[in-house]
Amino acid sequence: RITTEDPEHNFIPDYGRITAYRGATGFGIRLDGGTAYSGAVITRFYDPLLEKVTAWAPTPAETIARMNRALREFRIRGVATNLTFLEAIINHPSFADNSYTTKFIDTTPELFASVKRQDRATKLLNYLADVSVNGHPETRGRPQPKADAAAPMVPYLNGDVPDGSKQKLDALGPEKFAAWMRARKEVLVTDTTMRDGHQSLLATRVRTYDIAGIAGTYARALPQLLSLECWGGATFDVAMRFLTEDPWERLALVREAAPNLLLQMLLRGANGVGYTNYPDNAVQHFVKQAASGGVDLFRVFDCLNWVDNMRVAMDAVGAEGKLIEAAICYTGDILDPARAKYDLKYYVALARELQAAGAHIIAVKDMAGLLKPAAARVLFKALRDATDLPIHFHTHDTSGLSAATVLAAVDSGVDAIDAAMDALSGNTSQPCLGSIVEALKGTERDPGLDPQWIRNISFYWEAVRNQYAAFESDLKGPASEVYLHEMPGGQFTNLKEQARSLGLETRWHEVAQTYHDVNLMFGDIVKVTPSSKV
C-alpha cells in the first residue's frame, strides 16, 4: 500500500498536490490505482491510499526483487509517501527469511534511518526554473554582460608541449631547482591570473571552465613561465560555496592541460585554505593531497609572520618533494622612521629564520601594494645579501605604483616576479604582465616571453571578464588611500561591497580611516587573511 502516511511524522497522512507522478509496471507487477496522478490533490479528509502494488514470482526471493524494483521506480513528488519505508521493510534480512513478527516495526528502528528521498530531479528543475526566470541569486540586480561583447575564444596553438619548469623541477629536485633560479640572469615570471588576478578583481568568481580552457595555450605559447598560480587562497572555498564546483577537479584539469609548467598555490600555513587554525594532521594530509593532485610550488605564509605557525605546512611540502616558497608578508614602510616596528632588520631576520626552517625560495608578499620603488631597492639588496635562496616578489597595484616597484625589484636582483595577464591586471590585482615584459625586453633580465602571445591570451581573458560583469568593483583607478588603510588587494573591493550593502557607500573614506585607527589599536598588525578580517 503506497500512501501519504509520513514515516518521519508518526505516519500522519500528508496532504497537498502531487506535482510529479511516475508509476511502476512490468512483468509480475499489478497496480490497483487510487488517486495517484500528476496534479491530483490529496486532502486530509479521505483515505491516504495512492496505489496498491502486488508482485508475483515463482519464488519468494524473486518476488521481493520484483517488488523492490517496482518501489524504486515510483516517483511521487509534492506529498510525503511511505515508499522508502516500504523499501526498507522488504530489503530487511528478517523479512527475507520470514523471521519477523508483529513487533517487527516497533523493534527495528533502522527501518526509519533513511525514509526521506533526496528528490534531486525536482530540486534541479526548480533551480533551473528559478534561475531562468529570476536570474542567479549571486547576480540578481547587478550589471549584466554586454550583449554585443565578443564571446571568449581560446587562442589555440598546435604542436607538442615543450619542456618547461615542471620538467626542470622533476630533473633537479627542489634544492637544485632553487639554485638554478638564483643563478639565472633572466628574471622568472609567475602568472597570477588564474588565482589572485580574479580573486582581487572579480571576487574569485571565475569558473573552472574559463580557467582550464586556456591552460593548454599557456603551456604551448609561454613555456618560459616559472609557474601558473591557479589554486589556494580564496579559490578553494569560493569554488564550493558560491560556484558549486569541485576545486580538486579544477586542479586536475589545469594539470592535465599544462603538464610542463609548475602549478602554484597559496597556503595559509596552519590555516590551510580556510580561516581558522587546523590540526597538524589535517594540514599535512591536505598538502599531501594537493601535491599528488598537481601542485608543485607551495607559497606558505602566516598572517602575522609567525614562522612557527608555518613549520608544519613547510615540512609537509618538503616531505612531498615539492618547492617550499616561504613568504614574508610586507607591511609598513622600511624607510619611514615612524614605522620602526617593521624595519629592514625585521625582514632580514625573517628571511634568515625561514631559510633555517627549510625554505627553498623566499617570497616577499606585498599583499596591499605598500612597497615603494626606493624601499624595494633597499629591501631586495639586503635580502639577497642575507640569504643565498632565490627571492620571489608578489605585489598588488592598488596604488598604481606597483609596476615601478617591480622594475626596481628586478634591478635589485630579485629572481622571480608575479604579474597578471593584461586584461585582469591593475587596481587591486597584480601589475600588467605584458607591460613588464615589454619594459624588460632587450635587457639582460628579459624573461623571454612572447609579447604577441601575451596579447592573444589577454584578449581571451578580456572576453571572459565581460561575462563576470556582476562581480566588478566600482574602483575606477588607483587609490593612494591604500597607504593609509593598508588593506590587502583581495579585501579592498570586498569591504567596499560590504560598506555599500550597509548603506555606507558615501562614507567609504570614514570606513577606511576607521580601519586604519583600529589597526593601530591592535598594535599595528600584519593585515592579510585571516588577520585582515578582524
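Which residue forms a salt bridge with R1, and how far apart are the closest N and O atoms? The partner is D47, and the closest N and O atoms are 3.9 Å apart. A salt bridge here is a side-chain nitrogen of Lys or Arg within 4 Å of a carboxyl oxygen of Asp or Glu. R1 lies in the segment before β1 (2–3) and D47 in the loop between β7 (41–42) and β8 (49–55), so this pair ties together parts that are 46 residues apart in sequence.

Before I continue, a word on the basis of this talk. This is a predicted model, in which local features need pLDDT of at least 70 and side-chain atom pairs count only at pLDDT 80 or more, while totals for chains, interfaces and linings use all residues. Residues are numbered from 1 along each chain as its sequence is written, and side-chain values use heavy atoms, with hydrogens and water left out.

Let me turn to the chain as a whole. It has 19 helices and 17 strands; these are DSSP runs numbered from the N terminus, helices being H or I with at least four residues and strands being E with at least two. Along its principal axes, the C-alpha trace spans about 85 × 55 × 50 Å. Of the 534 residues in the chain, 53% are buried. Buried means under 20% relative accessible area, exposed means over 50%, and partly exposed lies in between, with a 1.4 Å probe and protein chains only.

I return now to the salt bridges, of which the structure holds 29. In the pair that opened this talk, R1 is partly exposed at 49% relative accessible area, and D47 is also partly exposed, at 38%.

A second pair is R69 and E73, whose closest N and O atoms are 3.3 Å apart. Both belong to helix α1 (residues 60–73), and because they are 4 residues apart there, about one helical turn separates them. R69 is partly exposed at 23%, and E73 is partly exposed at 30%.

Next, a polar contact. The side chain of T395 makes one with the side chain of D366, at 2.8 Å. A polar contact is a pair of N or O atoms within 3.5 Å; within protein, one must be able to donate a hydrogen and the other to accept it, and residues adjacent in sequence count only if both atoms are side-chain atoms. T395 is found in strand β16 (residues 391–395) and is buried, with a relative accessible area of 2%.

Finally, I consider the backbone. Most residues other than glycine have a negative phi. F11 is partly exposed at 27%. T244, also not a glycine, has a positive phi of about 55 degrees. T244 sits in the loop between α8 (235–241) and α9 (247–257) and is exposed, at 70%.
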